[in-house]
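Please find below a colleague's note on the structure shown here. It is arranged as numbered points, and each may be read against the model.

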Amino acid sequence: MTSVAKGMASAAVVLALVAPGAFAANTNAPQVKVSPTVAADLRSSDQAKIRSALDEVRLAGKASGAPFVAPIVDLLKKGVTPELAQAALDTLADVEAESASQTIADYTQHRNVRVRQAATKALVKTKGPAAIRALQRALSDPDAMVRGVAANGLGQLKAKAAVPDLFVALDHRINEAAVSIGMLCSAQECEQLSTRIGKIPFDVVSAGIEQALFRADVPDDTKIKLLGRIRELGTQEANKFLKEQLKKWPKNGSARVKQALDQAVQATGGGS
Amino acid sequence: MKLRSIAMVATLALVACGGGQTHPNLFATDWEDDGGKSISAVLAKMGPAMPEPGADVAVGVAGNSDKLVGVPLAGGSAWTFAHAIDVRPTIAGKIVVAEGGGELFALDALSGRKLWARQVGPMTMRGAGDDGKTTVVTLGAASGSVLLAIDREGNVARQVETDKSLGVPAILAGYAFVPWSNQYVSVLDLQSGEEAGRVLVRGKVSHAFTENRALFFGEQDLFRWDAKIRDASRNQATHIALPQRELPGTPSLMAPGDDKLGPVALALDKTRMYARATNGDPIAFDSNRFYGTYFRLAMAFDAQSTKLAWVYSNKVDLVGGTAGPGSFVLCDEEGKVVVLDAATGGVERELSLGGPIKSCVAQADALAPSPPQPPPPLAQQITDALTNRDSEMVSGQRLLLREIATLQDEPVTKTLIDLASNPLTAPILISDARVALAARRSGGKYMLDALAKHYDFLHDVLLTPPVGPIAQALAAMKDKSAAPLLAAHLLDPADTDDDVKQAAAALVDLGDATEVPALKQFVTLYRASADSEQVASAVVSAGQALLAYGGPEGRKIVDATLADPMTIEMVKTRLDAVRQQFDAQHPKK
């Protein structure tokens, strides 16, 4: 597998992990009734009962599961086996309880890498300042998966203050940082992202630039500069990317940017 | 006559060109120890004769082993002499003797001027001695040896052939001193061709050489030719041996005298010992030093205590050298010749052989000392040697690491931490550095600085500091300022299990209420999930610390941990014992 393909595969895995899973909460779904013993089971010392109760809360989703956030947090504060810790963290993620973020953050320092991965993923869902702080710290984790989830999560949590760290992460081959930078960058930072073209695989940088191109808060001049950098490449890869953006460009989108896209597609048409 | 003997005679016929004939009874093995009688007679005949000082020079084999290059150590022009070189040249007195392309030849050592040359066929030179008028050379073949005495015109004045394996000879006052069979030195009267005497040495002897205006025999130990040599067979000769000292590569002082040393230096040439015996009573080592090389390192040791005196680190491998009067001379493979002060290791002078060399021989017999550049302190010298990342150096570095560990200088602690924290350090050195760190009782500030660091992927800190050994050292030093830093490492997933174990153990003695939150978090995270004995031990230590200074809250955490069925059994058993002990020591009032 080429490095580009590897990068894509890594990003895809992280995105899949962050994306809602089989037990994902769905706020529009009908509420599932939770058995009356769930709270007591969560406070018990019976691992089977705890596990079953956590599954019930996950199935119940955000609204019905909310009352059980406190006992699950208590469970984590008391300390459990790695398997139960992962289940509890996954459940808190599905319930999207911001109040749990601080406790979850403690588990991003666990020695068990699967627990750390679960905690990092959960923080992306539970959000809040504690989550952002922990995700920023997780960019330096020894585990690549944790770093990737953290980089992705900081974009999802709109952690603009983390952009400088995300640049360092990108330069350390944490490819997920590119998309997050594209989601969060100021005009100057977006242009900074484009300077990575040629240094970092094109598909990684372009994924971030694509985010910036479609953001309403990024000035047209910046977008045109970004397109200019890609146009300068003149490769088939650049042409393909530009064509895709042109196809997706909204009808009510900036005419200047569309014109720049048109010209860039034409200019790179004969690229190798 | 056997075929091999015929071949040797044929060779000798080529060599011989007049001169005295061989004596059939030389090197006889039916010789009986005469109690020093014959040697006493030789001593009497020789009187107070002593060798002239040899030339101070370094000579390298260069090019494609097709030239010799030389440089006088005291100053003067470097010289080059083009000739095929098949064996390692020898510096004998004031000349260089070498052999190549079937020709034996001699040069003036200081100028490179050719003195004489003779065809010797396929026999190979083992070594030579020279007294300023006559050169004695031994040549070896697959079977037997030849000794030649050659005058300055290149004429063979004496030729001795034997089926014995002769070592490296010397010459003094008209006598050739020829070691053989690793135990004898036959003294040949070059005038008569007779064996005037024989020394039976109680030690391995394959070299005879002059140095420091005296004549010595030996290989590993050195025996001096003086009045006591008559009692050599009774182990009464003036004798000095290198002290027993652990050195990497188990180097030797001299290669066996009948070894063929090729023109290209091998690993054995780079891992050598050097020493220069004195000419006084009692016999001693010059400057109270002996030396060892290990590829790029040169080390000097106190000859009495065997303690490391200094270390010299070179950029490339050291391929040859010699111990001089108050100095140690070394050649490297790039042709640099450096003269080091025996006392301090400071550089006295640097010379050049003009380019890369294949091997080198050197002699410093009367070299006057010059003021050396002041070297850095020993700890820094060792640090410089330890930071060389060449994997070939690891054995030498392990020795130096043990040496540096004995120094209590504070910066040594930093060196050990740097070694243990650097991903480029060889794993075995990391392990050694950690052991040494745990035993240190100085350099606490460097330990605290190290503890402040954590694994940090974004900032390229990819190896954790040696937390465990530092924790052990700081606990022994009772440095309570380390507690918050150690507590932070409890929660660093990149630290090794053993580091966490040692950090928790140290916190029992060093921590206070400030560390309770970290200890509490640690117990919470791992009481039910410790997946190694070390982490489980760390949980027990954390519980012990909570009992010691966690107050009622700490006690509550420990009680809850023991009560919870999810707590792993090992933690429960050991923590319960800790709690019982604590209760026994702190009875309720």
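The points below go from the model as a whole to single residues.

1. **Basis of the note.** This is a predicted model, in which local features need pLDDT of at least 70 and side-chain atom pairs count only at pLDDT 80 or more, while totals for chains, interfaces and linings use all residues. Residues are numbered from 1 along each chain as its sequence is written, and chains are lettered from A and ligands numbered from 1 in the order in which they are written.

2. **Confidence.** The model scores ipTM 0.86 and pTM 0.77. Two residues are in contact if their C-beta atoms, placed from the backbone, lie within 7 Å.

3. **Overall form of chain B.** Chain B contains 15 helices and 28 strands; these are DSSP runs numbered from the N terminus, with helices (H or I) of at least four residues and strands (E) of at least two. Its radius of gyration is 33 Å, well over the 25 Å that the globule rule gives for 589 residues, so chain B is more spread out than a compact globule. The radius is taken over C-alpha atoms, and the rule is 2.2 Å times the number of residues to the power 0.38. Along the principal axes, the C-alpha atoms of chain B fill a box of roughly 110 × 50 × 50 Å.

4. **Burial and contacts in chain B.** Of the 589 residues in chain B, 51% are buried. A residue is buried if 20 or more other C-beta atoms, placed from the backbone, lie within 10 Å of its own, exposed if 12 or fewer do, and partly exposed in between. Among contacts in chain B with a separation of 6 or more, 59% join residues 24 or more positions apart.

5. **Domains.** The bounds come from an automatic or database domain assignment. Chain A is divided into domain 1 (11-177) and domain 2 (185-272), whose C-alpha centres lie 34 Å apart. In chain A, 4 residues of domain 1 are in contact with 6 residues of domain 2. Chain B is divided into domain 1 (267-363), domain 2 (376-484) and domain 3 (512-589), and the C-alpha centres of domain 1 and domain 3 of chain B are separated by 59 Å.

6. **The interface between the chains.** Here 24 residues of chain A are in contact with 17 residues of chain B. On the side of chain A that touches chain B, the elements giving two or more residues are α4 (69-78), α5 (82-95) and α10 (163-171) of chain A. The most come from α10(A), with 3 residues. By class, this side of chain A has 7 nonpolar, 9 polar and 8 charged residues. Ala, Val, Leu, Ile, Met, Phe, Trp, Tyr, Cys and Pro count as nonpolar, Asp, Glu, Lys and Arg as charged, and the others, Gly among them, as polar.

7. **Helix α9 of chain A.** Helix α9(A) (residues 144-156) has 13 residues and reaches 18 Å from its first C-alpha to its last, close to the 18 Å expected at 1.5 Å a residue. The expected span is 1.5 Å times one less than the number of residues. Because 10 of its 13 residues are buried, α9(A) is largely enclosed by the rest of the structure. The buried residues include R147(A), N152(A) and L154(A). Just after α9(A), K158(A) takes a positive phi of about 55 degrees.

8. **L507 of chain B.** Is L507(B) buried or exposed? It counts as buried, with 31 C-beta neighbours inside 10 Å. L507(B) is found in helix α11 (residues 497-510) of chain B. Not counting residues up to four places away in sequence, L507(B) touches A483(B), L486(B), A487(B), E515(B), L519(B), S541(B) and A545(B).

9. **Backbone features to check.** Most residues other than glycine have a negative phi, and most peptide bonds are trans. The bond from D281(B) to P282(B) is cis, with omega near -5 degrees, and P282(B) is in the loop between β20 (273-274) and β21 (289-294) of chain B. K127(A) has a positive phi near 60 degrees; K127(A) is in the loop between α7 (113-126) and α8 (129-138) of chain A. A173(B) has a positive phi near 55 degrees and counts as partly exposed, with 15 C-beta neighbours inside 10 Å.
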